[in-house]
Amino acid sequence: MSTPLQEASKGRRRLPPEERRRQLVAIGLQELSTRPIHALSIDRVAEIAGISRSLLFRYFPTKQDFYVAVVGAASRRLLRAANPDPQEQDPLRAVLRAFVSFIDRHGDNYQAFFHSGFGSDPQIAAIHDSMRDTMVERVVTALNYDDDLLTRIRLRAWWALVESLAIDRFREGMLSVDEVVDYSAALLPAVLNSPLTFPESGS
């Protein structure tokens, strides 16, 4: 006896490959709203799409390929959601609050994406690095700061701390979002202005 999902999928039109890929990734994202990524079922995604498991693997050769595509789409969603509020009077705090608030809402999946076995995958690590670099770019813009290599190095290190604080706040609940934002913002001047030099080449 067929399920309601199977019945609903009957007669669905064929989709061009790129449209089908987007559909499958969108279903994966939808599923992540109710379950962690390690519980994301390829069979269920295929069923919702009205295709066979084997057809799904024509678009994504392995389960990991599908997960990478879903994580990439989720990171783009995060960056859209973590855009600072233009009405915020303090641009830096706007960037921080948008990010920390996103982690507050989606911390389980964020940790699963980037701080579990999935995070060791080079493609997912590259997604994480790209997302971090985008957030650092937003900080540079918010501060109207001189954009040079040393500034970027300092900001990337500081952003790792921001991320860690946001995740710990989500897990432990001891701090509020505003306390994480205020503490992170208060640390930044020392990060940017403390002496930091590189040794001479060959020394």
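The model is a predicted one. Helix α6 spans residues 91-114 and includes Asn109. This helix also gives the most residues to the lining of the largest pocket, nine in number.

**Packing of α5 and α6**

- The axes of α5 (residues 63-81) and α6 come within 10 Å of each other and cross at roughly 170°.
- The two helices are therefore roughly antiparallel, since an angle over 145 degrees counts as such.
- On the α5 side, the contact is made by Val71, Ala74, Leu78 and Ala81.
- On the α6 side, Ala98, Phe99, Phe102, Arg105, Tyr110, Phe113 and Phe114 take part.
- By residue class, this contact comprises ten nonpolar residues, one charged residue and no polar residue.

**The largest pocket**

- The volume of the largest pocket is about 360 Å³.
- Its lining consists of 20 residues, of which Leu32, Ser33, Phe102, His106 and Asn109 are the closest to the centre.
- Helices α2 (17-32), α5 and α6 are the elements that each give two or more residues to this lining.
- The lining divides into ten nonpolar, six polar and four charged residues.

**Asn109**

- Asn109 has a relative accessible area of 12% and is therefore buried, the cut-off for this class being under 20%.
- Beyond its neighbours within four places in sequence, Asn109 is in contact with Leu32, Arg35, Pro36 and Ile37.
- One of these contact partners, Leu32, is also listed with Asn109 among the residues closest to the centre of the largest pocket.

Terms used: Residues are numbered from 1 along each chain as its sequence is written. This is a predicted model: local features need pLDDT of at least 70, side-chain atom pairs count only at pLDDT 80 or more; totals for chains, interfaces and linings use all residues. Side-chain values use heavy atoms; hydrogens and water are left out. Helices (H or I, at least four residues) and strands (E, at least two) are DSSP runs, numbered from the N terminus. Buried means under 20% relative accessible area, exposed over 50%, partly exposed in between (1.4 Å probe, protein chains only). Contact means heavy atoms within 4.5 Å. Axes are lines fitted to C-alpha atoms, for helices over the stretch in contact, and angles run from 0 to 180 degrees between N-to-C directions. Angles under 35 degrees count as roughly parallel, over 145 as roughly antiparallel, 65 to 115 as roughly perpendicular and the rest as oblique. Ala, Val, Leu, Ile, Met, Phe, Trp, Tyr, Cys and Pro count as nonpolar, Asp, Glu, Lys and Arg as charged, and the others, Gly among them, as polar. On a 1 Å grid over the protein atoms alone, a cavity is a set of points where a 1.4 Å probe fits but cannot get out, and a pocket is an open set with protein on both sides within 12 Å along at least five of seven lines; lining residues have an atom within 4 Å of a point. Grid points are joined across faces, edges and corners, and a volume is the space filled by probe spheres set on the points.
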